[in-house]
Amino acid sequence: MPPSAYLERPIGVVLCIDDNQDVLECEKAFLESFGYTVLTAPSGSRGLELASLESVDVVIVDYFMPEMNGQEVAIEMRRLRPQAPIIMLSGAADVPEQALKQVDAFIAKDRLASQLLSTIAQLHGGGWIPPPSYDA
């Protein structure tokens with residue numbers, strides 16, 4: 001494939017679901033700065049609605065949310081978008097083991113900036129081009 005073809009391919013669509021608007025805005029700004037298209041949802045039900053309407057490559061979901069927690073969202077998301085890897089976030093360390101079994105990766109919110117990009121790239125191989133690294 002010629003190098004120009006890589007520039008024309010979309011990097012991917014990430015759906016971020018979190019009831020904390022500040023976290024959503026930070027995730028969106030961070031991921032968009034690396035070329036991702038980012039959809040945000042302030043609740044599990046809104047996230048599932050967006051995933052039913054839009055093509056989604058990766059889902060990032062907070063565990064502790066009102067109405068639907070991250071585990072419940074992950075179970076429904078697997079039915080809706082079985083091909084999309086799911087990354088669970090939490091600011092707390094006490095996420096139940098059964099919740100972690102529903103997702104592909106877990107990132108503590110205090111490690112989000114250092115682990116998110118590499119986790120997305122690792123989970124979504126298969127032709128999806130991760131953003132360039134600026135560590136050189």
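This is a predicted model: local features need pLDDT of at least 70, side-chain atom pairs count only at pLDDT 80 or more; totals for chains, interfaces and linings use all residues.

Author: Residues are numbered from 1 along each chain as its sequence is written, and side-chain values use heavy atoms, with hydrogens and water left out.

Reader: In what order do the elements of the protein chain run from the N terminus on?

Author: Helices (H or I, at least four residues) and strands (E, at least two) are DSSP runs, numbered from the N terminus. The protein chain has six helices and five strands. From the N terminus on, their order is α-β-α-β-α-β-α-β-α-β-α.

Reader: What percentage of the 136 residues of the protein chain count as buried?

Author: A residue is buried under 20% relative accessible area, exposed over 50% and partly exposed in between, with a 1.4 Å probe and protein chains only. Of the 136 residues of the protein chain, the buried part is 43%.

Reader: Is Asp-18 buried or exposed, and which side chain does its own side chain meet in a polar contact?

Author: Asp-18 lies in the loop between β1 (13-17) and α2 (21-32). Its relative accessible area is 1%, so Asp-18 is buried. A polar contact is a pair of N or O atoms within 3.5 Å; within protein, one must be able to donate a hydrogen and the other to accept it, and residues adjacent in sequence count only if both atoms are side-chain atoms. The side chain of Asp-18 reaches the backbone nitrogen of Asn-20 at 2.8 Å, and at 2.9 Å it makes a polar contact with the side chain of Lys-109.

Reader: Which backbone nitrogen does the side chain of Ser-43 reach?

Author: Ser-43 is found in the loop between β2 (37-41) and α3. With 18% relative accessibility, Ser-43 counts as buried. At 3.2 Å, its side chain reaches the backbone nitrogen of Arg-46.

Reader: How are α3 and α4 placed relative to each other?

Author: Two packed helices are described by the angle between their axes and the distance between the axes. Axes are lines fitted to C-alpha atoms, for helices over the stretch in contact, and angles run from 0 to 180 degrees between N-to-C directions. The axes of α3 (residues 44-53) and α4 (residues 70-80) come within 10 Å and cross at roughly 10°. Angles under 35 degrees count as roughly parallel, over 145 as roughly antiparallel, 65 to 115 as roughly perpendicular and the rest as oblique, and α3 and α4 are therefore roughly parallel.

Reader: How many aromatic pairs does a search of the whole structure find, and why is the pair of Tyr-63 and Phe-64 given its class?

Author: Rings of Phe, Tyr and Trp (its six-membered ring) pair if their centres lie within 6.5 Å; planes under 30 degrees apart count as stacked, over 60 as edge-to-face and the rest as tilted. The search finds two aromatic pairs, and in one of them Phe-30 and Phe-34 are 5.3 Å apart centre to centre, with 65° between the planes. The ring centres of Tyr-63 and Phe-64 are 4.6 Å apart and their planes stand at 85°, so this pair is edge-to-face.

Reader: Where is Ile-60 placed, and how far apart in space are Ile-60 and Ala-105?

Author: Ile-60 belongs to strand β3 (residues 58-62). Ile-60 is buried, with a relative accessible area of 1%. In sequence, Ile-60 and Ala-105 are 45 residues apart, yet in space their separation, C-alpha to C-alpha, is 9.5 Å.
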